[in-house]
Amino acid sequence: MGRLDGKVALITGGARGMGKSHARHFVAEGARVVIGDVLDDKGTAVADGLGCVYVHHDVTSEADWTAAIRATLDAYGKIDVLVNNAGILRHGPIAEMDPAEFRRVLDVNLVGCWLGVHFAAPPMIAAGGGSIVNVSSIEGFAGAAGLSAYSASKFGVRGITRSAAQELGPSGIRVNSVHPGGVMTSMAISAAEHLTGVDPAAFLKSLPIARFAEPIEISRLVAFLASDESSYTTGAEFLADGGLLAGPGY
């Protein structure tokens with residue numbers, strides 16, 4: 001028996017990184033999964049390997065959201081879980097960043113999350129409930145130089161999560177956010193490469209859990225929030241950062 005037996009989940013950004021890990025773990029836990037992404041070749045390969053459904057899905061597109069929800073309902077008749085995982089990261093000091101790049105990050109990470117809640121809520125309400133997991137970041141709690149756009153978007157995800165939890169709780173829909181720290185994905189590695197004045201070894205040594213996370217460690221938390229085991233949990237924020245934000249390591 002898996003903790004997600006009988007659940008139908010739509011996972012955005014599922015072609016690689018954490019999204020791919022979420023999809024793999026959800027299937028292992030018994031869920032039927034629809035993977036959405038703009039990386040069609042990679043997404044199709046992941047879906048084929050897992051026995052999932054793949055749909056081309058730009059999370060900034062209302063039409064694509066409509067199509068992704070429809071594909072989920074057509075394939076499985078319902079949607080129990082939405083994992084708003086898709087996201088992008090851009091680096092640059094505020095004084096130098098192209099405003100169009102700033103808007104692009106907000107459009108994908110923040111507006112895309114809002115659209116997910118907007119389009120997934122009606123079929124969940126009709127079915128009597130569900131779970132929405134919004135993937136934010138530790139950058140939703142503490143900013144970093146060069147990551148103003150990313151941090152702004154991830155702070156915003158916290159607000160969407162709390163508001164949605166208030167609005168949708170009476171309909172049986174729980175909404176929570178997950179805030180990973182350093183995870184061994186291409187996005188995290190890219191972020192680390194752009195840090196200046198930081199000794200990576202010293203940084204890791206300062207953490208209570210002195211390493212980056214493996215994607216599966218985040219996926220287990222996402223699966224818990226998607227499952228009935230978290231039935232009294234909504235509007236909550238879950239850090240998975242190795243203790244980074246617990247305080248200074250000295």
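A: A nonpolar core is here a set of buried Ala, Val, Leu, Ile, Met, Phe, Trp, Tyr and Cys residues joined through side-chain atoms within 4.5 Å, where buried means under 20% relative accessible area. The model is predicted, and what follows is computed from it.

The largest nonpolar core has 32 residues. Those that touch the most other members are Leu10, Trp65, Leu82, Met124, Ile132, Leu168 and Val175. At least two residues of this core come from each of strand 1, helix 3 (62–76), helix 4, helix 5 and strand 6 (173–180). Helix 4 supplies the largest share, nine residues. In soluble globular proteins, nonpolar side chains tend to be buried together.

The structure holds one cavity of 30 Å³ or more, and the volume of the largest cavity is about 70 Å³. Its lining consists of 14 residues, of which Asn84, Asn85, Ala86, Asn109 and Cys113 are the closest to the centre. Two or more lining residues are given by each of helix 4 (99–127), strand 5 (130–135) and helix 5 (148–168). By residue class, the lining of the largest cavity divides into seven nonpolar, six polar and one charged.

Strand 1, one of the elements that supply the core, leads on to the strand pairings. Strand 1 (residues 8–12) pairs with strand 2 in the parallel sense, over five bridges. In this pairing Val8 stands opposite Arg32 of strand 2. Between strand 1 and strand 2 the chain passes through helix 1 (residues 17–28), and this β-α-β crossover is right-handed.

Strand 2 (residues 32–37) has five of its six residues buried, so it is largely enclosed by the rest of the structure. Strand 2 also runs parallel to strand 3 (residues 53–56), and four bridges join them. Here Val34 stands opposite Val53 in strand 3. The chain goes from strand 2 to strand 3 by way of helix 2 (residues 40–50), again in a right-handed β-α-β crossover.

Technical notes: Residues are numbered from 1 along each chain as its sequence is written. This is a predicted model: local features need pLDDT of at least 70, side-chain atom pairs count only at pLDDT 80 or more; totals for chains, interfaces and linings use all residues. Side-chain values use heavy atoms; hydrogens and water are left out. On a 1 Å grid over the protein atoms alone, a cavity is a set of points where a 1.4 Å probe fits but cannot get out, and a pocket is an open set with protein on both sides within 12 Å along at least five of seven lines; lining residues have an atom within 4 Å of a point. Grid points are joined across faces, edges and corners, and a volume is the space filled by probe spheres set on the points. Ala, Val, Leu, Ile, Met, Phe, Trp, Tyr, Cys and Pro count as nonpolar, Asp, Glu, Lys and Arg as charged, and the others, Gly among them, as polar. Buried means under 20% relative accessible area, exposed over 50%, partly exposed in between (1.4 Å probe, protein chains only). Two strands pair if DSSP finds at least two bridges between them. A crossover is right-handed if, with the strands pointing away from the viewer, the path from the first strand over the helix to the second runs clockwise.
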